[in-house]
Number of protein chains: 2
Amino acid sequence: MRDTEKGEPLDRRRFLRAAGLAGAGLAASAKIANAQQQPDPLITEVQDWNRYLGDGVQARPYGSPSPFEKHIVRRDVEWLTVSRESSVNFTPIHELDGIITPSGLAFERHHGGIAEIDPAKHRLMINGLVDKPLVFTMEDLKRMPGRINRAYFLECAANSGMEWRGAQLNGCQFTHGMIHNVWYTGIPLKTLLDEAGVKTNGKWVMPEGADSSGMTRSIPIEKAMKDCLVAFGMNGEALRPEQGYPVRLVVPGWEGNMWVKWLRRLEIGDQPWHAREETSKYTDLLADGRSRRFTWIMDAKSIVTNPSPQAPLKRKGANVLTGIAWSGRGAIQRVDISLDGGRNWTTARLDGPSMPLSMARFYFDFDWNGRELMIQSRAMDDTGYVQPTKQELRQVRGVNSIYHNNGIQTWLVRGDGEVENVEIS
Amino acid sequence: MRDTEKGEPLDRRRFLRAAGLAGAGLAASAKIANAQQQPDPLITEVQDWNRYLGDGVQARPYGSPSPFEKHIVRRDVEWLTVSRESSVNFTPIHELDGIITPSGLAFERHHGGIAEIDPAKHRLMINGLVDKPLVFTMEDLKRMPGRINRAYFLECAANSGMEWRGAQLNGCQFTHGMIHNVWYTGIPLKTLLDEAGVKTNGKWVMPEGADSSGMTRSIPIEKAMKDCLVAFGMNGEALRPEQGYPVRLVVPGWEGNMWVKWLRRLEIGDQPWHAREETSKYTDLLADGRSRRFTWIMDAKSIVTNPSPQAPLKRKGANVLTGIAWSGRGAIQRVDISLDGGRNWTTARLDGPSMPLSMARFYFDFDWNGRELMIQSRAMDDTGYVQPTKQELRQVRGVNSIYHNNGIQTWLVRGDGEVENVEIS
């Protein structure tokens with residue numbers, strides 16, 4: 001692609017020129033302060049942080065971000081459900097980089113608020129169609145053989161749900177922020193189930209949460225045995241309370257609601273339970289009045305996080321476009337970018353490991369000449385699946401659902417650099 | 001290896017038996033509450049966290065660990081230097097898992113306290129033997145092409161330094177906790193240097209910090225061009241203040257003192273500066289009175305973090321031995337474990353990616369029969385380098401130094417499960 005109208009792929013020589021000008025505009029090192037530029041007192045004068053001793057290590061036994069970053073937080077939307085009975089907030093994906101979501105900024109979705117559990121008093125029971133019902137303490141889990149670490153994305157099935165009927169929320173934090181990607185430490189669920197001995201007619205697993213919602217879902221035994229984890233660690237330390245401390249289920253690639261937090265029980269049965277959260281909720285009502293049953297896998301999806309409505313373009317010239325992509329079917333293999341609403345595409349650069357069922361990071365360095373852009377990204381996974389447009393999804397599923405919208409997002413970049421959520425009609 | 005005296009590699013059938021007994025001892029699911037066991041009220045009674053609504057999402061815009069984890073913090077040692085002029089604390093590596101260190105727990109070493117810098121007022125200057133001195137704002141750096149993400153370990157040259165003269169500090173947090181391993185987001189230093197144009201006689205780079213210590217070191221241009229980063233991101237978000245916010249130098253595999261924090265200047269010269277921190281400090285004084293010059297690379301090293309003096313064995317039967325390994329020369333290829341003070345060795349399981357110049361995680365599942373153990377780990381990197389014993393190091397370097405001790409550590413596990421830092425004589 002080479003779209004000379006609405007932004008161009010970065011030309012190396014042009015970038016160098018742009019950066020040179022930027023340097024001159026900013027002035028000025030000691031070496032060049034005698035030239036035409038004004039000396040920059042931020043360089044020529046000793047600053048306070050250079051003049052005075054700072055705090056020693058005893059100030060912060062557990063560290064936190066700089067006060068200058070305090071605007072970077074999980075945010076909720078007033079008109080969405082934010083009661084304690086049903087609350088949700090969103091990861092500030094436009095302020096993050098790389099592939100791992102900081103634990104303090106990983107979005108939350110609670111159905112009964114945050115359970116505060118003393119790990120010494122927590123128990124995990126396995127019962128139902130097993131040879132030997134078992135109860136594990138947290139100490140038991142940490143003594144189990146075969147502990148592993150894996151990075152997986154968790155996406156709420158309702159992520160981008162408000163966009164089914166058209167562009168609504170003006171910021172990727174709100175349209176796409178019900179996702180995080182963290183390292184889990186835990187025991188394969190298979191190890192625990194093998195310990196209990198699943199009977200031959202045991203075909204389904206029902207995880208149950210210890211919070212006040214008592215969350216339950218039905219998981220086929222094949223998935224449970226394949227790659228699910230009983231996780232007690234997250235990004236190197238213990239799970240956070242809002243992510244299920246002391247232990248949660250990890251169901252790689254599948255919708256977040258199944259990753260039961262504060263996990264207290266695993267029941268084995270011979271058929272699914274058809275719990276509330278897999279019938280009246282988390283199913284897609286089609287145009288003809290029927291619903292899709294068991295829509296577990298989160299299909300390939302991507303979003304440009306910068307620029308975006310919360311992160312406008314500030315200057316012409318060199319700019320970095322970046323975003324994230326993920327697939328519940330495998331690893332992200334490629335992300336394409338359009339700057340003209342999907343007419344022309346060019347392949348972005350993936351950087352950082354692109355692991356199966358984990359988030360990938362893409363970059364596209366470009367020069368902006370001040371023209372309007374219609375930015376889109378399109379993810380492809382290693383099964384060959386290509387992220388569809390919203391129109392393609394609507395043709396198949398109608399617009400009744402608030403779940404499983406993995407359509408291509410469009411950002412309109414205006415001449416002043418401001419960005420807006422729009423749809424291509 | 002099969003040491004029947006001092007611990008055994010896990011036998012799968014024996015583990016199953018042990019876990020079954022543990023389950024029975026704990027009792028008791030609803031299904032088996034009618035058997036001989038006592039019902040466990042933590043299962044049969046409704047707990048508070050199941051009875052009452054928890055906090056909603058608005059409670060924690062930026063999350064933090066559970067109150068039950070509040071003992072897991074960076075710690076200092078009273079008799080080591082902890083003035084604001086020179087302070088250090090240690091990562092609680094015995095409480096962590098996986099390969100990534102949480103940002104809030106990454107050890108700190110300051111020479112002038114923590115600089116608190118407004119990023120809008122920060123400047124990075126490149127001067128000296130360059131065609132075009134340049135000044136970058138943080139915005140400039142974030143607009144540069146070629147942004148990348150890499151996980152690298154940072155180890156202080158003085159890590160394990162107190163152990164040169166014998167076992168002293170009783171806990172791996174204190175003997176080996178001057179290390180962290182995080183994801184960095186930034187721009188290759190080469191990109192910035194190419195922008196300025198290094199003159200043909202420019203052979204060395206001097207990074208300078210904006211803190212009150214004005215830290216300076218000398219880095220050969222080959223290393224600067226090879227893999228150094230100018231990093232503004234850490235574990236997905238902005239650098240933390242104590243790690244150099246808003247920007248630090250990353251010098252992969254080399255001693256931590258060179259990774260200048262609060263980076264404000266890069267001077268290019270034709271010879272090293274022989275700054276304080278590479279002459280009177282951070283050099284190894286040998287037995288004959290001479291010093292090793294420029295000991296930059298951190299050689300392969302490993303430590304068993306569990307069990308360790310701060311994390312004793314609590315029960316006989318199944319236990320998980322785990323630890324970390326790293327090398328400044330490449331990726332960790334293998335870690336061997338001894339339970340009998342280095343007489344017999346068996347290979348541990350590496351889990352999680354083992355990336356070049358990044359920390360690796362190893363596990364060794366074993367049964368403990370209550371006998372004394374002398375636990376050691378021995379790392380090998382992909383150059384073939386093997387971690388030496390402390391005695392081997394002392395034979396070459398004497399015992400004057402407090403730097404670059406990568407010798408094999410020994411933990412004595414007593415019959416009651418308590419663990420002590422010892423040396424094999």
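This is a predicted model: local features need pLDDT of at least 70, side-chain atom pairs count only at pLDDT 80 or more; totals for chains, interfaces and linings use all residues.
**Two chains together**

Let us begin with how the chains relate. Chain A can be superposed on chain B by a rotation of 180° with 0.0 Å of shift along the axis, giving an RMSD of 0.0 Å. This is the relation of a two-fold axis. Both copies use the same surface, since 100% of the contact residues of chain A recur in chain B.

The contact itself involves 110 residues of chain A and 111 residues of chain B. On the chain A side, helix α1 (residues 12–26) gives the largest share, six residues. Sorted by class, that side of chain A holds 48 nonpolar, 32 polar and 30 charged residues.

**The nonpolar core**

In soluble globular proteins, nonpolar side chains tend to be buried together. Here the largest nonpolar core has 202 residues. The residues with the most contacts inside this core are Val230, Ala231 and Val250 of chain A, along with Val230, Ala231 and Val250 of chain B. Domain 1 (82–278) and domain 2 (301–422) of chain B both contribute residues, so the core lies between them.

Leaving aside residues up to four places away in sequence, Ala231(A) touches Tyr184(A), Thr185(A), Gly186(A), Leu239(A), Val247(A), Arg248(A) and Val250(A).

**Helix α6 in both chains**

Now back to the helix from the opening question. In chain B, helix α6 (residues 189–196) has Leu189(B), Leu192(B), Leu193(B), Glu195(B) and Ala196(B) as its buried residues. Seen down the axis of α6(B), they fall within an arc of 155°, so they line one face of the helix.

In chain A, helix α6 (residues 189–196) buries Leu189(A), Leu192(A), Leu193(A), Glu195(A) and Ala196(A). Their arc around the axis is only 155°, which puts them on the same side of α6(A). The residue after α6(A) is Gly197(A), with a positive phi near 80°.

**Backbone details worth a look**

The table gathers four of them.

| Site | Angle | Value |
|---|---|---|
| Tyr245(A) to Pro246(A), cis | omega | about 10° |
| Asn306(A) to Pro307(A), cis | omega | near 0° |
| Tyr282(A) | phi | near 65° |
| Phe294(B) | phi | near 55° |

To find the two prolines, look in chain A. Pro246(A) sits in the loop between β11 (237–238) and β12 (248–250), while Pro307(A) is in the loop between β14 (301–306) and β15 (317–326).

Tyr282(A) belongs to the loop between β13 (263–269) and β14 of chain A. Is Tyr282(A) buried or exposed? It has 23 C-beta neighbours inside 10 Å and therefore counts as buried. In chain B, Phe294(B) is found in the loop between β14 (263–269) and β15 (301–306). Phe294(B) is partly exposed, with 13 other C-beta atoms within 10 Å.

**One last stop: Arg343(A)**

Arg343(A) is in the loop between β16 (332–338) and β17 (346–347) of chain A. This arginine is partly exposed, having 13 other C-beta atoms within 10 Å. Arg343(A) and Asn306(A) are 37 residues apart along the chain, and their C-alpha atoms are separated by 20 Å.

Definitions and conventions:
Residues are numbered from 1 along each chain as its sequence is written. Chains are lettered from A and ligands numbered from 1 in the order in which they are written. Two residues are in contact if their C-beta atoms, placed from the backbone, lie within 7 Å. Helices (H or I, at least four residues) and strands (E, at least two) are DSSP runs, numbered from the N terminus. Ala, Val, Leu, Ile, Met, Phe, Trp, Tyr, Cys and Pro count as nonpolar, Asp, Glu, Lys and Arg as charged, and the others, Gly among them, as polar. A nonpolar core is a set of buried Ala, Val, Leu, Ile, Met, Phe, Trp, Tyr and Cys residues joined through C-beta atoms within 7 Å. A residue is buried if 20 or more other C-beta atoms lie within 10 Å of its own, exposed if 12 or fewer, and partly exposed in between; C-beta atoms are placed from the backbone. Domain bounds come from an automatic or database domain assignment. The arc is that of the directions from the helix axis to the C-beta atoms. Copies are superposed by least squares on the C-alpha atoms of residues with pLDDT of at least 70 in both.
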